[in-house]
Amino acid sequence: MIRVLVADDEELVRSGLRLILEAAGDIAVVGEARDGAEAVAAAARLRPEVVLMDVRMPGVDGLTAAARLLAAPGAPKLVMLTTFDLDAYVHEALRLGAVGFLLKDTPPRELAAAVRTVAAGQAMLSPSVTRRLIASYADRAPSRAETARRRLAALTGREEDVIRALARGLSNAEIGRELRLTEATVKAHVSRVLAKLGLANRVQAAILVHDADLG
């Protein structure tokens, strides 16, 4: 069973998410939180694998809570919840290390699939949604772009090909087909790129590419 914590200030939303996720059969909602402070405390106590965190909550908001959660040892996989598909707060959460985001009106089947995806260690990089959010809210200031380009300059040509494809939301299998590499080789390249650049996950790699204006 995948252990999930739901944090949202609206009881109706929390109840709806619980019903949807637990109907999947392989997901257990182990706790609920009404704000960011409760979410951080509940995560420390319950040790969920995945936390679904609302962006906008009274008191301690989702972004502040995200920073606290992701700074802790053994942090859970964090997915931000939002009503708006272009929310600047979600973009900042991705920078902090969240693995993706979900709209609150995500269809039930897709919601459960998303939880399984992040629990398996994969980032939620949807070319149609997440990439648009990153591109819309990335700070394209010259200084940031230049810094990003200098970091990417450490990569080999093949590693740069891989990270560019990754930033477009392609899976390892899709990158392999495009670059004519085996999936295992792509996986090795991705791991090496993340380590070389000091990045936590694929979402942060995609953001770096967009900051460099290469995506």
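This is a predicted model: local features need pLDDT of at least 70, side-chain atom pairs count only at pLDDT 80 or more; totals for chains, interfaces and linings use all residues.
Student: Where does Asp-54 lie, and is Asp-54 buried or exposed?

Tutor: Asp-54 lies in strand β3. Helices and strands here are DSSP runs numbered from the N terminus (H or I, at least four residues, for helices; E, at least two, for strands). Asp-54 is buried, at a relative accessible area of 4%. Buried means under 20% relative accessible area, exposed means over 50% and partly exposed lies in between, with a 1.4 Å probe and protein chains only.

Student: Now for a wider view. How many helices and strands does the protein chain have?

Tutor: There are eleven helices and five strands. Of the chain's 215 residues, 46% count as buried. Among contacts between residues at least 6 apart in sequence, 68% join residues at least 24 apart.

Student: How do I read the sheet, and in which order do the strands stand?

Tutor: Follow the pairing from strand to strand; two strands pair if DSSP finds at least two bridges between them. The five strands form an open sheet in the order β2-β1-β3-β4-β5, with parallel pairing. At the edges stand β2 (27–33) and β5 (100–103), each with a single partner strand, so one side of each has no neighbour in the sheet. From one strand to the next, the twist averages 25 degrees.

Student: Which residue stands opposite Val-4 in β2?

Tutor: Val-29 does. Strand β1 (residues 2–7) and β2 run parallel and are joined by six bridges. Five of the six residues of β1 are buried, so β1 is largely enclosed by the rest of the structure. Five of the six residues of β4 are buried too, so β4 is largely enclosed by the rest of the structure.

Student: What is in the largest nonpolar core?

Tutor: A nonpolar core is a set of buried Ala, Val, Leu, Ile, Met, Phe, Trp, Tyr and Cys residues joined through side-chain atoms within 4.5 Å. The largest one has 24 residues, and Val-51, Met-53, Leu-69, Leu-78, Met-80 and Ala-98 have the most contacts inside it. The elements giving two or more residues to this core are β1, α2 (36–46), β3 (50–54), α3 (62–71), β4 (77–82), α4 (88–96) and α11. Helix α3 provides the largest share of this core, four residues. Take Leu-78: beyond its neighbours within four places in sequence, Leu-78 is in contact with Val-51, Met-53, Ala-66, Leu-69, Leu-70, Ala-98, Val-99 and Gly-100. Another core, of 22 residues, lies apart from the largest one and has Ile-175, Val-186, Val-193 and Ala-212 among its members.

Student: At what angle do helix α8 and helix α11 pack?

Tutor: Helix α8 (residues 157–167) and helix α11 (residues 202–211) pack at about 100 degrees, with their axes 8 Å apart. That makes α8 roughly perpendicular to α11. Axes are lines fitted to C-alpha atoms, for helices over the stretch in contact, and angles run from 0 to 180 degrees between N-to-C directions. Angles under 35 degrees count as roughly parallel, over 145 as roughly antiparallel, 65 to 115 as roughly perpendicular and the rest as oblique.

Student: Which residues in α8 and α11 meet?

Tutor: From α8 come Ile-163, Leu-166 and Ala-167, which meet Arg-202, Ala-205, Ala-206, Val-209 and His-210 in α11.

Note on methods: Residues are numbered from 1 along each chain as its sequence is written. Side-chain values use heavy atoms; hydrogens and water are left out. Contact means heavy atoms within 4.5 Å.
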